[in-house]
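Please read these notes with the sequence and the model side by side. They are meant for someone who has not seen this structure before.

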Amino acid sequence: PAASAVAAVLLSPGNILEGLRGVFTYSGGSPGSHSHRWTRVRPDGTEELALSSGGPCSQYEPCSEDYGCQLRYSVKPVREDGVEGTWVSSAVTEMIPAPLPPSPEAAHESPKADSARNDRSSPASIVAEPPPRPKSLSPTPPLADDASVPRSQSSTPPP
């Protein structure tokens, strides 16, 4: 089994970041239950595991630890008979922005509406206005404690 064209796609209707979805092209027989990983890439280049799962879950909802970081999606394809392929990774995403503070007009709204707007644990409150996309993304090293996660060799996802 093999995976190619691996990408992390932002789920952003309008300007609100709702999450990310890992996508890839599978080949090599009937697909089984693939393994998925999301890695947080800190501004200093260090990487740490943000989420790892087996099964159909390829989506990730950013949390406060992700603000100011980039994310990388990795997949290990698995055939229906249990034969495993190798880990393949996406390029890193753009920086995950922190939510914006409430507008001055929000101070005049009801406390219930204001508390809903300030719920920073909810990904729906993250306003996604990323910085300009760099001309090229420099690869970051794999996790120090897990050499099985390769550096991405894929290009950034199509617009």
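1. Tyr60 is a buried residue, at a relative accessible area of 7%. Buried here means under 20% relative accessible area, exposed means over 50%, and partly exposed lies in between, with a 1.4 Å probe and protein chains only. Trp38 also counts as buried, at 1% relative accessibility.

2. A word on the basis of these notes. This is a predicted model, in which local features need pLDDT of at least 70 and side-chain atom pairs count only at pLDDT 80 or more, while totals for chains, interfaces and linings use all residues. Residues are numbered from 1 along each chain as its sequence is written, and side-chain values use heavy atoms, with hydrogens and water left out.

3. The aromatic residues deserve a look. Two aromatic pairs are present in the structure. Rings of Phe, Tyr and Trp (its six-membered ring) pair if their centres lie within 6.5 Å; planes under 30 degrees apart count as stacked, over 60 as edge-to-face and the rest as tilted. The Trp38 and Tyr60 rings are stacked, because their centres are 5.6 Å apart and their planes stand at 25°. This pair links distant parts of the chain, with Trp38 in strand β4 and Tyr60 in strand β6 (residues 59-60), 22 residues apart.

4. Trp38 has a further partner. With Tyr73 it forms a tilted pair, 5.0 Å from centre to centre and with 45° between the planes. Here too distant parts of the chain are linked: Trp38 belongs to strand β4 and Tyr73 to strand β7, 35 residues apart. Both Trp38 and Tyr73 are buried. Trp38, Tyr60 and Tyr73 form one aromatic cluster.

5. What surrounds these residues? The largest nonpolar core has 12 residues in all, including Trp38, Tyr60, Tyr73, Leu71 and Val75. A nonpolar core is a set of buried Ala, Val, Leu, Ile, Met, Phe, Trp, Tyr and Cys residues joined through side-chain atoms within 4.5 Å. Strands β1 and β7 each supply at least two residues of this core.

6. On the overall make-up, the protein chain has one helix and nine strands. From the N terminus on, its elements run β-β-β-β-β-β-β-β-α-β. Helices (H or I, at least four residues) and strands (E, at least two) are DSSP runs, numbered from the N terminus.

7. Two strands pair if DSSP finds at least two bridges between them. In general, strands of a sheet pair through backbone hydrogen bonds, either parallel or antiparallel.

8. Strand β7 can be followed through this sheet. Val75 stands opposite Val88 in β8, and Ser74 stands opposite Ser89 in β8. Because six of its seven residues are buried, β7 is largely enclosed by the rest of the structure.

9. How many disulfides are there? The count comes to zero, where a disulfide is a pair of cysteine sulfur atoms within 2.5 Å. Cys63 is in no disulfide, and the nearest cysteine sulfur, that of Cys69, is 9.1 Å away. Cys63 is partly exposed, at a relative accessible area of 29%, whereas Cys69 counts as buried at 2%.

10. Ala7 lies in strand β1 (residues 2-11) and is buried, at 8% relative accessible area. The C-alpha atoms of Ala7 and Val92 are separated by 8.7 Å, although the residues are 85 apart along the chain. Ala98 lies in the loop between β8 and α1 (111-117) and is partly exposed at 41%. Ala98 and Gly68 are 30 residues apart in sequence, with 6.9 Å from C-alpha to C-alpha.

11. Finally, the totals. Buried residues make up 35% of the 159 residues in the protein chain. Of the contacts (heavy atoms within 4.5 Å) with a separation of 6 or more, 60% are between residues 24 or more positions apart. The protein chain exposes about 9,000 Å², of which carbon and sulfur atoms supply 55%. Accessible areas come from the Shrake-Rupley method with a 1.4 Å probe; for residues, only the protein chains shown count as cover.
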